[in-house]
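Please look through the sequence and the model before reading on. The briefing below takes up salt bridges and pockets in turn.

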Amino acid sequence: MHSFPEPIEKTLKELSRLPGVGKKSAMRILYHLLKSGGSAIEDLEGALKLLRENIEKCRTCRGYKEKGSDCPICGDPKRDPGLLCVVESTQDLHLIDGTSAFNGSYFVLHGLLSPFKGIGPEALGLDEFRERLENEAVSEVIIATPYTAEGEATSSYLITITEEKGIKASRIGMGIPIGSDLSFVDPETLSRALSGRREVK
Ligand SMILES: [Zn+2]
């Protein structure tokens with residue numbers, strides 16, 4: 001089999017590990033970078049360096065923010081501090097925030113409970129979640145985890161914690177297909193799912 005020079009081989013390997021990038025796309029990206037005569041590689045290097053050095057997780061919502069700056073979500077005084085929406089990922093946070101059907105604060109889990117993958121409550125920062133319920137004036141927790149087995153298990157766990165603190169818990173519903181990821185839901189359906197959320201008891 002034809003083999004590539006090592007630097008190409010290595011880059012292809014790293015690129016194909018990225019989500020949504022198959023072997024073919026990895027090849028396209030690689031040749032685009034090489035063809036640019038170095039400038040595209042330099043720009044990408046610079047951006048990745050900034051990403052590595054200047055981005056950190058916000059201690060409150062666990063979303064990403066620039067180091068040394070206020071979190072654009074938690075530092076926004078126009079948001080309703082009583083509403084707290086729990087999402088699986090930062091992508092979901094942006095999907096929901098993009099609908100303008102929700103103007104509260106967030107908590108990002110960065111995953112879902114999964115005994116098979118060894119992901120427990122600590123990995124999802126659920127102690128921090130509990131602390132927020134204790135220290136902030138939260139009146140409703142809106143759970144926006146997906147309708148998959150792991151999403152449902154995580155939701156039940158979140159409902160238990162929320163109700164223990166005497167706070168109302170609701171689950172986004174309507175129009176979110178079973179077994180689906182939020183990224184497959186169009187913004188309008190997502191808006192309706194948010195306004196049509198049901199209280200869970
Ligand atoms: Zn934040």
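**Salt bridges and pockets**

Glutamate 140 has a relative accessibility of 8%, and so it counts as buried. This residue belongs to a predicted model, and it takes part in a salt bridge with lysine 168, in which the closest N and O atoms are 3.9 Å apart.

**The pair of lysine 168 and glutamate 140**

- Lysine 168 is partly exposed, its relative accessible area being 37%, whereas glutamate 140 is buried.

**Other salt bridges**

- By the distance rule applied here, the count of salt bridges comes to twelve.
- Lysine 117 and glutamate 150 form one of these bridges, with their closest N and O atoms 3.5 Å apart.
- Lysine 117 lies in the loop between strand E4 (104-108) and helix H5 (126-135), and glutamate 150 lies in helix H6 (residues 149-164), so this pair ties together parts that are 33 residues apart in sequence.
- Lysine 117 counts as exposed, at 59% relative accessibility, while glutamate 150 is partly exposed, with a relative accessible area of 27%.
- The side chains of aspartate 76 and arginine 79 also meet in a salt bridge, at 3.4 Å from N to O.
- Aspartate 76 is partly exposed, with a relative accessible area of 23%, but arginine 79 is buried, with a value of 13%.

**The largest pocket**

- The largest pocket has a volume of about 290 Å³, and the residues that line it include Pro7, Ile8, Thr11, Leu30, Ile41 and Glu45.
- Two or more residues of this lining come from each of helix H1 (6-16), helix H2 (23-35) and helix H3 (39-54).
- Sorted by class, the lining of the largest pocket has nine nonpolar residues, one polar residue and one charged residue.

**The second largest pocket**

- About 190 Å³ of space lies in the second largest pocket, which is lined by eleven residues, and of these Phe4, Glu9, Leu12, Lys23 and Met27 lie nearest its centre.
- The elements that give two or more residues to the lining of the second largest pocket are H1 and H2, and the largest share, four residues, comes from H1.
- The lining of the second largest pocket divides into five nonpolar, three polar and three charged residues.

Note on methods. Residues are numbered from 1 along each chain as its sequence is written. This is a predicted model: local features need pLDDT of at least 70, side-chain atom pairs count only at pLDDT 80 or more; totals for chains, interfaces and linings use all residues. Side-chain values use heavy atoms; hydrogens and water are left out. On a 1 Å grid over the protein atoms alone, a cavity is a set of points where a 1.4 Å probe fits but cannot get out, and a pocket is an open set with protein on both sides within 12 Å along at least five of seven lines; lining residues have an atom within 4 Å of a point. Grid points are joined across faces, edges and corners, and a volume is the space filled by probe spheres set on the points. Ala, Val, Leu, Ile, Met, Phe, Trp, Tyr, Cys and Pro count as nonpolar, Asp, Glu, Lys and Arg as charged, and the others, Gly among them, as polar. A salt bridge is a side-chain nitrogen of Lys or Arg within 4 Å of a carboxyl oxygen of Asp or Glu. Buried means under 20% relative accessible area, exposed over 50%, partly exposed in between (1.4 Å probe, protein chains only).
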